[in-house]
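Trainee: I have a model open and would like to talk through a few of its features with you. Could we put it up on the screen before we start?

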Amino acid sequence: MSLTLTSSSLALEHTLSCLHKCSKEVELKQVHAHMLKSGFFHDPYAITKFLSFCLSSSTFSSYAQDVFLNGLDRPDTFLWNLMIKGLSSSDQPESSLLLYHRMLSSSAPHNPYTFPFLLKACSNLSAFQETTQIHAHLTKLGYANDVYSVNSLINSYAVTGRFNHARLLFDRIQEPDLVSWNSVIKGYAKAGEMVTALTLFRKMPEAKKNAISWTTIISGYVQAGMNKEALQLFHEMHNSNVPPDKVSLASALSACAQLGALEQGRWIHSYADKERISIDSVLACALIDMYAKCGDMEEALRVFKDSKKTKSVQVWTALISGYAYHGLGGEAMNTFTEMQKMGVKPNAITLTAVLTACSYTGLVEQGKSVFYTMERDHNVKPTIEHYGCVVDMLGRAGLLDRAKRLVQKMPMKANAVIWGSLLKACQIHKNIELGERIGEILIRMDPNHGGRYVHTANIHAMGKKWDKAAETRRLMKDKGVVKLPGCSMISLEGTTHEFTAGDRTHAEIEKIRTKWRAVKRELEGNGYVPELEDVLLDLADDEEREAIVHQHSEKLAVAYGLMKTKPGTTIRIMKNLRVCKDCHKVMKLVSKIYKRDIVMRDRTRFHRFRDGKCTCGDYW
């Protein structure tokens with residue numbers, strides 16, 4: 001690294017350009033030594049450039065602090081602010097607060113820019129006590145009305161969940177600016193207080209709303225699970241002539257993914273193409289996830305292939321997750337192998353996706369191999385999510401004793417999700433004794449979850465222990481616990497239609513029921529006999545059980561789809577619970593009789609029915 005030049009100013013610029021070539025501390029020290037020897041460290045411009053470079057890298061931020069505190073004589077306010085700002089955005093934002101204490105003890109003067117940087121650190125740390133201390137200090141020093149400081153305070157209080165503090169500050173501002181509005185709305189949205197967030201958003205002057213304002217409220221609705229409302233706001237944003245940015249597009253695509261709204265997702269994709277919005281890693285992930293969760297893996301794969309050659313780990317993970325949802329275990333494993341060949345290192349989420357794919361497709365040996373080599377090959381310590389995938393994989397495969405032993409050997413306490421998957425495996429494989437023990441554990445652990453009581457009662461009923469089944473249901477009723485009702489959605493022409501079990505609320509419900517009766521006659525003419533095993537096993541009356549199974553929400557949804565779409569059109573259904581055996585059997589028959597592809601996404605995975613068969617191979 002040659003540093004010999006004639007002109008002093010050119011020499012300085014050349015020295016500073018050498019900074020960007022530094023990847024190790026020993027190289028940085030060489031540049032630092034040359035700057036000291038050449039006298040460049042007396043130049044404020046040179047010092048600023050040097051510290052800024054160090055702060056931009058987590059590798060050198062501690063070196064910047066050492067140089068600043070021990071190598072500079074009485075740095076001015078600008079340099080103090082530079083250091084506080086850089087550290088507030090680092091992976092150790094608490095360092096900026098510690099540096100501020102040094103600033104106070106050195107009696108360095110403040111200015112209005114000092115406090116927003118400190119408050120940013122407080123926001124990143126969700127540090128309420130420190131926020132109040134800085135609030136008191138900036139008030140004492142006369143900056144209580146500085147708009148930048150007040151906006152930073154609003155944001156910090158909102159992030160730490162102190163909405164009363166944030167709202168009080170906001171309401172005191174005579175004319176809130178764009179940042180004030182966005183900060184207070186973001187705080188309420190992040191906490192899921194969407195009624196208040198929307199009320200404030202509607203009060204915000206239209207002239208002040210920008211893409212960040214719209215994105216904040218849309219993202220809030222998506223995070224709150226209010227996806228229909230999120231999409232309505234997205235279209236309102238578009239109609240308001242505010243061009244969506246990449247974050248708002250990604251949020252809207254996430255809403256489409258959760259709703260199974262494929263047509264709306266396609267429209268957003270085409271909009272991005274039309275407006276020449278580059279598909280970066282974030283948008284690629286959102287598009288792959290949307291297409292996969294809406295049942296179109298071909299398009300998800302096309303987006304993956306069209307993304308930049310250097311694909312991020314998130315993009316690879318999105319594709320692997322998509323294959324997992326669809327029960328394409330072989331494709332998931334092949335993608336995982338290809339990813340590593342391309343030099344992309346999998347992270348914890350990638351490995352969860354791979355293990356999920358193995359679980360959903362019965363790839364037990366491959367799943368075990370991935371799990372037991374995680375730490376050695378990928379430097380990822382297994383978390384409870386990884387253990388949960390393996391327990392589910394072993395349980396689905398009928399290896400209940402091995403699954404139970406793994407739960408007992410786990411380095412952390414098993415949660416209700418793990419016990420729940422093992423209970424379901426006991427029900428599938430009719431292991432009554434183990435299922436009853438797990439059911440008791442689950443009811444104690446998760447007493448407000450209705451499914452725990454229902455599955456435990458069904459295990460008792462499976463073993464003909466009617467008194468115990470009735471006692472479990474009575475306990476559920478006495479505690480006031482309600483089982484989550486089955487709900488299915490079907491999107492047609494941009495409108496999502498929702499059905500619940502035994503639904504009578506839809507405007508065309510009588511026509512739908514008439515259609516279902518006609519479908520049922522066709523099914524029976526093709527040898528259909530209801531599967532009643534999953535349905536209230538403690539009811540002795542088969543007619544009552546059959547009546548209940550024929551009111552399941554996905555049957556109403558498929559009847560509506562047959563009513564409203566042209567022959568040959570694919571019917572896409574979303575279900576909030578696991579599809580039962582009878583509905584699975586019905587969908588296979590409907591696909592064959594009516595020559596329709598039916599794509600159904602239940603709580604965890606996809607089923608694609610075609611010509612009487614399902615892609616899950618009846619393994620779900």
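Mentor: Let me begin with a definition: a charge sits over a ring if NZ of Lys or CZ of Arg is within 6 Å of the ring centre and within 35 degrees of the ring normal. This is a predicted model, so local features need pLDDT of at least 70 and side-chain atom pairs count only at pLDDT 80 or more, while totals for chains, interfaces and linings use all residues. Residues are numbered from 1 along each chain as its sequence is written, and side-chain values use heavy atoms, with hydrogens and water left out.

Trainee: OK, which ring does the charged end of Lys311 sit over?

Mentor: That is the ring of Phe304, whose centre lies 4.9 Å from the charged end of Lys311. The charged end of Arg162 likewise sits over the ring of Phe128, at 3.9 Å from its centre.

Trainee: And ring against ring, how many aromatic pairs does a search of the whole structure find?

Mentor: The search finds 16 aromatic pairs, where rings of Phe, Tyr and Trp (its six-membered ring) pair if their centres lie within 6.5 Å, and planes under 30 degrees apart count as stacked, over 60 as edge-to-face and the rest as tilted. Phe163 and Tyr188 form a stacked pair, 4.9 Å centre to centre with 20° between the planes.

Trainee: Which parts does that pair tie together?

Mentor: Phe163 lies in helix H10 (residues 163-172) and Tyr188 in helix H11 (residues 178-190), so the pair joins parts that are 25 residues apart in sequence. Helices here are DSSP runs of H or I with at least four residues, numbered from the N terminus.

Trainee: Is Tyr188 buried or exposed?

Mentor: Tyr188 is buried, at 9% relative accessibility, and Phe163 is buried too, at 17%; buried means under 20% relative accessible area, exposed over 50%, and partly exposed in between (1.4 Å probe, protein chains only).

Trainee: Switching topic, how many residues of H21 are buried?

Mentor: Ten of its 14 residues are buried, among them Leu351, Val354 and Tyr360. What covers the buried residues includes helix H19 (313-325) and helix H24 (384-396), with contact meaning heavy atoms within 4.5 Å.

Trainee: What happens at the ends of H21?

Mentor: Asn347 caps the N-terminal end of H21, with a side-chain oxygen 3.1 Å from the backbone nitrogen of Ile349. Just after H21, Gly362 takes a positive phi of about 75°.

Terms used. Helix = DSSP H or I, 4+ residues; strand = E, 2+ residues; numbered from the N terminus. Polar contact = N/O pair within 3.5 Å; in protein donor to acceptor, adjacent residues only side chain to side chain.
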